[in-house]
Number of protein chains: 2
Amino acid sequence: MEFNEKTISKESIYQGKIIDLEVHEVELINGESSKRELVFHNGAVAVCALTPDNKIVLVKQFRKPCEKPLLEIPAGKLDQGENREEAAARELEEETGYRAKSLQWVTDMYGSPGFSNERLSIYFADQLEKGDMHPDEDEFIEIQLFSIEEIAEMLQRGELEDAKTIIALQHMLLNYNHSK
Amino acid sequence: MEFNEKTISKESIYQGKIIDLEVHEVELINGESSKRELVFHNGAVAVCALTPDNKIVLVKQFRKPCEKPLLEIPAGKLDQGENREEAAARELEEETGYRAKSLQWVTDMYGSPGFSNERLSIYFADQLEKGDMHPDEDEFIEIQLFSIEEIAEMLQRGELEDAKTIIALQHMLLNYNHSK
């Protein structure tokens with residue numbers, strides 16, 4: 001099957017700081033037309049970071065869309081044209097103060113491919129060094145450290161609800177050998 | 001730290017078929033104000049389904065926001081007031097023709113908590129029975145079956161890019177014992 005949906009016409013609804021909204025009329029595979037509501041986002045990066053004593057670095061912050069705080073791996077939006085790996089190292093240091101010697105790419109993910117093009121790249125980092133935090137002005141975050149065993153239990157109970165965080169931590173459990 | 005962002009005022013930008021967009025002025029923890037662009041969504045469900053001969057059921061469909069087809073576990077939007085587990089069973093059967101005797105809850109996830117409240121519930125199903133497909137009118141999907149080994153390799157190479165799909169399949173690799 002040839003998969004494609006060609007845009008016939010589009011309307012720009014909103015251009016914001018973080019997202020733009022467009023509505024496209026598209027031509028479906030069967031020749032009929034349909035509407036697609038599209039939320040455009042510049043992309044993001046996140047880092048699963050493991051301290052020298054095998055603790056995972058999570059950040060707790062209030063997420064207005066969810067109306068509650070979530071525990072997440074350090075993450076942030078890409079600046080225009082920014083290199084993803086450099087952005088990931090920058091976000092880790094800004095949010096947590098930890099500097100990573102090197103990052104390993106884990107995977108890219110679309111969190112909401114039904115309506116948004118937000119593509120987020122996940123990295124893994126160990127061999128961390130502690131520096132100073134300097135979060136963005138409107139970011140209020142609390143750093144929390146967890147053992148691998150605590151992470152495994154939180155995942156098992158479904159307590160972690162942020163998609164990038166679940167992916168990064170399950171990947172770590174599947175792939176890294178954590179000798180203490 | 002008390003985590004909260006109280007809405008001071010809000011503006012409705014768009015009310016669509018799948019999403020609504022609002023911009024809220026919020027009061028931050030330090031008393032200052034900031035804007036939040038919020039994409040409201042009614043929620044969704046997805047099913048990681050394993051056939052009697054241990055194949056994973058994935059669906060390939062064109063995702064307009066990403067401008068490419070993605071391989072995903074069967075999923076769909078919640079109807080207003082619909083029970084999540086019933087919706088998951090319904091979506092599995094509509095998209096793939098497979099009926100599940102029972103579903104096990106895996107986790108809930110927010111795919112894009114920075115700007116959207118979309119909460120998606122993931123279930124696991126085995127003991128499937130094959131019936132007939134009847135996808136929505138504007139849905140064009142192709143069913144593909146993969147062995148557990150193929151899934152593990154695709155995850156390792158970062159070839160699966162849909163967040164709910166990665167989460168569900170990693171969870172399966174971590175938790176289920178697949179005797180052949």
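**The salt-bridge cluster and its surroundings**

Mentor: The side chains of A:Glu82 and A:Arg90 form a salt bridge, with an N to O distance of 2.7 Å. The term denotes a side-chain nitrogen of Lys or Arg within 4 Å of a carboxyl oxygen of Asp or Glu. This is a predicted model, in which local features need pLDDT of at least 70 and side-chain atom pairs count only at pLDDT 80 or more, whereas totals for chains, interfaces and linings use all residues; side-chain values rest on heavy atoms, with hydrogens and water left out. Residues are numbered from 1 along each chain as its sequence is written, while chains are lettered from A and ligands numbered from 1 in the order in which they are written.

A:Arg90 also meets the side chain of A:Asp79 in a salt bridge, at 3.9 Å from N to O. This pair links distant parts of the chain: A:Asp79 belongs to the loop between β7 (75-77) and α1 (84-96) of chain A, and A:Arg90, eleven residues away, to helix α1 of chain A. Helices (H or I, at least four residues) and strands (E, at least two) are DSSP runs numbered from the N terminus. A:Asp79 counts as partly exposed because its relative accessibility is 44%, and A:Arg90 falls in that class at 22%. The classes are buried, under 20% relative accessible area; exposed, over 50%; and partly exposed in between (1.4 Å probe, protein chains only). The network of salt bridges takes in A:Asp79, A:Glu82, A:Arg90, A:Glu91 and A:Glu94.

Over all chains, the structure has 26 salt bridges. One of chain B brings B:Glu161 and B:Lys68 together, their closest N and O atoms lying 2.6 Å apart. Here too distant parts of the chain are linked: B:Glu161 is in the loop between α2 (148-156) and α3 of chain B, and B:Lys68, 93 residues away, is in strand β6 of chain B. At 15% relative accessibility B:Glu161 counts as buried, whereas B:Lys68, at 27%, counts as partly exposed.

Of the 180 residues in chain A, 54% are buried. Contacts (heavy atoms within 4.5 Å) in chain A between residues at least 6 apart in sequence join residues at least 24 apart in 57% of cases.

A:Ser121, in strand β10 (residues 119-125) of chain A, is buried, with a relative accessible area of 1%. Its side chain makes a polar contact with that of A:Asp108 at 2.8 Å. A polar contact is a pair of N or O atoms within 3.5 Å; within protein, one must be able to donate a hydrogen and the other to accept it, and residues adjacent in sequence count only if both atoms are side-chain atoms. Beyond four places in sequence, the residues in contact with A:Ser121 include A:Arg84 and A:Thr107.

Finally, consider the contact between the chains, which takes 69 residues from chain B and 69 residues from chain A. The number of salt bridges between chain B and chain A is zero, but 24 residue pairs, both members at pLDDT 80 or more, are in polar contact there. On chain B, the elements that each supply at least two residues to the side touching chain A include β1 (6-15), β2 (19-27) and α3 (163-175). The most comes from α3(B), with nine residues. That side of chain B divides into 31 nonpolar, 19 polar and 19 charged residues. In this division Ala, Val, Leu, Ile, Met, Phe, Trp, Tyr, Cys and Pro are nonpolar, Asp, Glu, Lys and Arg charged, and the others, Gly among them, polar.
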